[in-house]
Amino acid sequence: MDRRDLLKGSLAATALLTGGPLLAAGPSRVAARNVVLVHGLFADGSCWAPVIARLQAQGLNVTAVQNPLTTFDDAVAETRRVLARQDGPTVLAGHSFAGMIVTEVGADPLVSALVYVAARAPDAGEDYAVLAKRFPTPPASAGIVYDGDEGMLSETAFLRDFAGDLPRAQARVLFATQQPFHRALLTARVTVAAWRTKPSFYAVSAQDRTIDPDLERFMAKRMGADTITLPASHLSLISQAGPVSALIARAAQAG
């Protein structure tokens, strides 16, 4: 028996012991083992919990940013702080308003891919409010209640227009954790569009009543994103956590 036969025998024995074939040594197919998740308005970092659990089960290192919801600069700074703690390439994912943050911070060299979940995806310097006016006004907009400079969704709007496909009891718990946002956030503009240079992925919510679904489709198409469409409310990251997690995991393979 020559050395090649011995090697084949050794590989076969290892496969039997491990329950599968031994893969040849080589570079990993995974471009990123880190994922940073950013939440939008009317929520906090816990809204990513179902996605986090699934991604962790796949061996990914996941961190959720606690978006302060004060100013855009504050939100960007907090996301940059979390991103700087990552060891190696990182997928940056944002839900809803956090698409603005992903678009701005995503230009960082650490970011290998971007994921937008029913999220804003403006171009550099673009007025998102003007863009949104080209599409029907989503019902949730009428449910924002202000207390001075702080805004929140009313309970009726939250349950019907934000979390419409979740069980009512679950949606009410989420309403109880809703964080107020500062009005100044609504006039923010990004200075760079990271989706122009980074692999981008988008999850459209077909039943969205917070961002018009056709606006989501427009933004996804404009960026040339790898796109999925889900039969979901704005909170697809909860009601469709499986497909959203799979999209993020696919983004981790890009690079």
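This note goes through the predicted model of the chain point by point, from the overall make-up to single residues.

1. Overall make-up. The model is a prediction. The chain holds 10 helices and 9 strands. Of its 255 residues, 48% are buried. Taking contacts between residues at least 6 apart in sequence, 70% join residues at least 24 apart.

2. The parallel sheet. An open sheet of 6 strands has the order β2-β1-β3-β4-β8-β9, with parallel pairing. Its edges are β2 (61-65) and β9 (226-230); each has a single partner strand, so one side of each is left without a neighbour in the sheet. On average, and ignoring direction, neighbouring strands of this sheet are turned by 15° against each other.

3. Inside the parallel sheet. Strand β4 (residues 111-117) pairs with strand β8 (residues 200-205) in the parallel sense, over 4 bridges. V115 has F201 of β8 opposite. Helix α8 (residues 213-222) lies across β8 and β9, and runs at about 165° to β8.

4. The antiparallel sheet. A further open sheet has 3 strands in the order β5-β6-β7, paired antiparallel. The edge strands, β5 (144-147) and β7 (181-182), each pair on one side only. Between β5 and β6 (residues 150-153), which run antiparallel, there are 4 bridges.

5. Aromatic pair F72 and F97. Over the whole structure, 8 aromatic pairs are found. F72 and F97 make an edge-to-face pair, with 6.4 Å from centre to centre and 90° between the planes. F72 belongs to helix α3 (residues 72-84), while F97 sits in the loop between β3 (90-95) and α4 (98-105), so the pair ties together parts that are 25 residues apart in sequence. F72 and F97 are both buried.

6. Aromatic pair F158 and F175. The ring centres of F158 and F175 are 5.6 Å apart and the planes stand at 70°, so this pair is edge-to-face. Planes over 60 degrees apart are counted that way. F158 is in helix α6 (residues 155-162) and F175 in helix α7 (residues 168-176), so the pair ties together parts that are 17 residues apart in sequence. F158 is buried, at a relative accessible area of 1%. F175, in contrast, counts as partly exposed, at 23% relative accessibility. The cut-off for buried is under 20%.

7. The aromatic cluster. F158 and F175 also belong to one aromatic cluster, together with F42, Y146, F162 and F181. Y146 of this cluster has R183 over the face of its ring, at 3.8 Å from the ring centre. Another arginine, R134, lies over the face of F218, at 5.0 Å from the ring centre.

8. H95. Which strand holds H95? H95 is in strand β3. With 1% relative accessibility, H95 counts as buried. A polar atom of the H95 side chain lies 2.8 Å from the backbone oxygen of H234. Leaving aside residues up to four places away in sequence, H95 touches V38, H39, G40, W48, V117, A118, A119, F162, H234, L235 and L237. F162 in that list is also a member of the aromatic cluster.

9. Most residues other than glycine have a negative phi. F42 has a positive value, near 65°. F42 is placed in the loop between β1 (34-38) and α2 (49-57), and its 5% relative accessibility counts as buried. F42 is also one of the residues in the aromatic cluster. L69 likewise has a positive phi, near 60°. L69 sits in the loop between β2 and α3. At 0% relative accessibility, L69 counts as buried.

10. Places to look at in the structure. The following residues may be worth a look on screen.
- F42, for its phi near 65° and its place in the aromatic cluster.
- Y146, for R183 over its ring face.
- H95, for the polar atom of its side chain 2.8 Å from the backbone oxygen of H234.
- F72 and F97, for their edge-to-face pair.

Technical notes: Residues are numbered from 1 along each chain as its sequence is written. This is a predicted model: local features need pLDDT of at least 70, side-chain atom pairs count only at pLDDT 80 or more; totals for chains, interfaces and linings use all residues. Side-chain values use heavy atoms; hydrogens and water are left out. Two strands pair if DSSP finds at least two bridges between them. Helices (H or I, at least four residues) and strands (E, at least two) are DSSP runs, numbered from the N terminus. Rings of Phe, Tyr and Trp (its six-membered ring) pair if their centres lie within 6.5 Å; planes under 30 degrees apart count as stacked, over 60 as edge-to-face and the rest as tilted. Buried means under 20% relative accessible area, exposed over 50%, partly exposed in between (1.4 Å probe, protein chains only). A charge sits over a ring if NZ of Lys or CZ of Arg is within 6 Å of the ring centre and within 35 degrees of the ring normal. A polar contact is a pair of N or O atoms within 3.5 Å; within protein, one must be able to donate a hydrogen and the other to accept it, and residues adjacent in sequence count only if both atoms are side-chain atoms. Contact means heavy atoms within 4.5 Å. Axes are lines fitted to C-alpha atoms, for helices over the stretch in contact, and angles run from 0 to 180 degrees between N-to-C directions.
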